[in-house]
Amino acid sequence: MSGEASLASKWTRPDDFIKLQRLKQKKKQLAARVSNNNNCKRPTLQLDETDKSKLLEAKLAQKRKNPFAKSTADAKKQRVDSQVQDLPVVTASSCFVRETPNRPPAAKLVLQKFDAQAFAKLLQQPYAEEEDDATLAAQQKHTAHLPVDWCLKTRARFFCPTELPAVQLKTSQLASGLTSFVRCIDTQQSESTLDISDATRFNQCTYYWQHPHLPWLTLFPRNSKENIGVTVGERERKALAEEWDYSFRGLFQLLRARQCPYFYLCANSFTVLFRAAGIGGRAESHALVTPSTRGMRVALRQEGIEFTMPLKSEAGGGDGSFTEESTSSSTMDAPDETSVPPPPPTGEDDEDDDEAWLESLGVDERELRRIQASHARKQQAAEMREDFSDNSLLLIDGVECQGFFSYLLNAKSAISNVGRLAGVPPTLLSPVAFPKATMQHLVPRSKKVRLDGVDYFSTDIKGLILPTFLPSVAELLSETRQMFSSTLASSTNTLAFSKASQKVLETAEVPQPDGTEGTAAADQVFGEQNLSECGLLPAVVGSICRTGQHAVGLLERVCYQRGEGYAWS
């Protein structure tokens, strides 16, 4: 038995074996750690212990890097989106939010001597900022009505402390909104079985008509990047041109009959706004074209189409086209200027005298021709200085509008043959139905936002927004809400429409020597009556026919509060 016990004592159990293996590994790790520490301490042993500065530098060099330290090399950069900027949140209680510019980087702090005057100014600084806010709020324009902005919008956002009209519609609400829009029914005044809820009325405001409609192309704006590489065959081009010709003719006839208040024609290089008689204080149908070029103006003169440039006087340019100062109607008093483009700035007799004077000085004919060519180039450069700008806007009024309509039907520049959307006719946009048109719909999105600890209901709309959309929605919200606000984004190519309309109204308000200053109110009443069956709500018709101060304005921010009216900028 003793032999068996001694034999069993020589065997190693599995648990003991594992313990031995772990002990060996720990010994190896400890030996490696000791060797590494010895290697790291070797450079410090070479230092002179008496030199304290060297010891301090060595200690700093061996200091462990803080893993939680903020890296200055990977500092966040400010992200700037140059194409689409988010619209700021504007509340009705705070009226308008003033945008603060980018601050420069903070300078180093330098202690200076105490200055009593500077300290007093520092104490007064908060009060000065409050005064600036008060003066800024006082400078905001407050009106009982909302002005009309004739430029096309690309985005609108509405805010309200109470719930806005619902976006998720029921079957009856969707059907009633669609029916009331197509049939041009005012559900508030007509006796019908249609739904008259706020959601139905809001849905009615989100529709418009467009031609042509090609789902795989972006027809507004026409310079979209999505249109690159899209080609249209010759057969398709011919079919699109025939359809567009018929649609454009029908839409213009509706405008002349006052069954359509306005419509837009968006080509690749210019945009035209046609407006019916009675809108904007004009007694006849008229058209606004922006931007224009010297070639277009020369072509119009050759066709005998007279036009004015309302914004040209602000720039003080020397273009040979007509100006608004010559007359306020379509009949011009300068038929000689349309004969030769561009017209000479001085009379022919003066030019003959100048040539005779140069010849008397012994100037050679070759040198005289060179001088004349240089003078012609300077005149041409002066005419082309304002091309593709807001100052190049053209106003075509009265019977000349019919000639301009014929010009667009036959002009080769209306349909581009090269570049983006080659072979695709211009886009026609209208608030009422017209031949060959397709009904389009804006898709609103609703959400909640928090600002300064207060929850606001928000509705965001992206897409092509016509000028009558905002007055329609404002009329609805002003009836059912105590306050609301809105921020808008405009298409830069159409800003000149509002500027020119505002300038034309200001020119019409100037008292005339024959005592016709009181005709503006009469024209507004007759305009509203003549456009009573154009398919828009009566309140919207009154807003687009309004004349006088603050009838037209560029709108970016709008606030409304019941009892105080609209504040806008």
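These legends walk through several close-up views of a predicted model.

In this predicted model, local features need pLDDT of at least 70 and side-chain atom pairs count only at pLDDT 80 or more, while totals for chains, interfaces and linings use all residues. Residues are numbered from 1 along each chain as its sequence is written, and side-chain values use heavy atoms, with hydrogens and water left out.

**View 1. The whole protein, for orientation.**
The protein has 16 helices and 14 strands; helices (H or I, at least four residues) and strands (E, at least two) are DSSP runs, numbered from the N terminus. Of its 569 residues, 38% count as buried. Here buried means under 20% relative accessible area, exposed means over 50%, and partly exposed lies in between (1.4 Å probe, protein chains only). The accessible surface comes to about 35,400 Å², and 52% of that belongs to carbon and sulfur atoms; areas come from the Shrake-Rupley method with a 1.4 Å probe, and for residues only the protein chains shown count as cover. If you look at contacts between residues at least 6 apart in sequence, 75% of them join residues at least 24 apart, where contact means heavy atoms within 4.5 Å.

Helix H5 runs over residues 171–182, and at 1.5 Å a residue its twelve residues should span 16 Å; the end C-alpha atoms are 17 Å apart, which agrees. (The expected span is 1.5 Å times one less than the number of residues.) Which residues of H5 are buried? They are Gln173, Ser176, Gly177, Ser180 and Phe181. These five cover an arc of only 125° around the axis, which puts them on the same side of H5; the arc is that of the directions from the helix axis to the C-beta atoms. An α-helix has 3.6 residues a turn, so residues three or four places apart point the same way. The partners that the buried residues of H5 pack against are helix H6 (198–204), strand E3 (207–211) and strand E9 (438–441).

**View 2. Gln204 in helix H6.**
Take a look at Gln204, which lies in helix H6. Gln204 is buried, with a relative accessible area of 14%. Leaving aside residues up to four places away in sequence, Gln204 touches Gly177, Ser180, Phe181 and Ile185.

Cys184 follows H5 and is found in the loop between H5 and H6. Its phi is near 55°, a positive value in a residue other than glycine. Is Cys184 buried or partly exposed? With a relative accessible area of 41%, Cys184 is partly exposed. Cys184 and Leu537 are 353 residues apart in sequence, and their C-alpha atoms are 8.2 Å apart in space.

**View 3. Leu421, another positive phi.**
Leu421 has a positive phi of about 55° although it is not a glycine. Leu421 sits in the loop between helix H12 (399–410) and strand E8 (427–430). Leu421 is buried, with a relative accessible area of 3%.

**View 4. Two cis peptide bonds.**
Pro212 lies in the loop between E3 and helix H7 (234–256). The peptide bond from Thr290 to Pro291 is also cis, with omega near -15°. Pro291 lies in the loop between strand E6 (286–290) and helix H8 (294–302).

**View 5. Helix H8 and the glycine after it.**
The buried residues of H8 are Arg294, Met296, Arg297, Val298, Leu300 and Arg301. Gly304 follows H8, and its phi is positive, near 80°.

The whole structure holds five cavities of 30 Å³ or more, and about 80 Å³ of space lies in the largest cavity. Of the 13 residues that line the largest cavity, the closest to its centre are Asp149, Lys153, Leu466, Pro467 and Leu470. On a 1 Å grid over the protein atoms alone, a cavity is a set of points where a 1.4 Å probe fits but cannot get out, and lining residues have an atom within 4 Å of a point. Grid points are joined across faces, edges and corners, and a volume is the space filled by probe spheres set on the points. Helix H13 (residues 469–480) gives the most to this lining, with three residues. H13 is mostly covered, with nine of its twelve residues buried.

Technical notes. Expected span 1.5 Å × (residues − 1). 1 Å grid on protein atoms, 1.4 Å probe; cavity = no way out; pocket = protein on both sides within 12 Å on 5 of 7 lines; lining within 4 Å.
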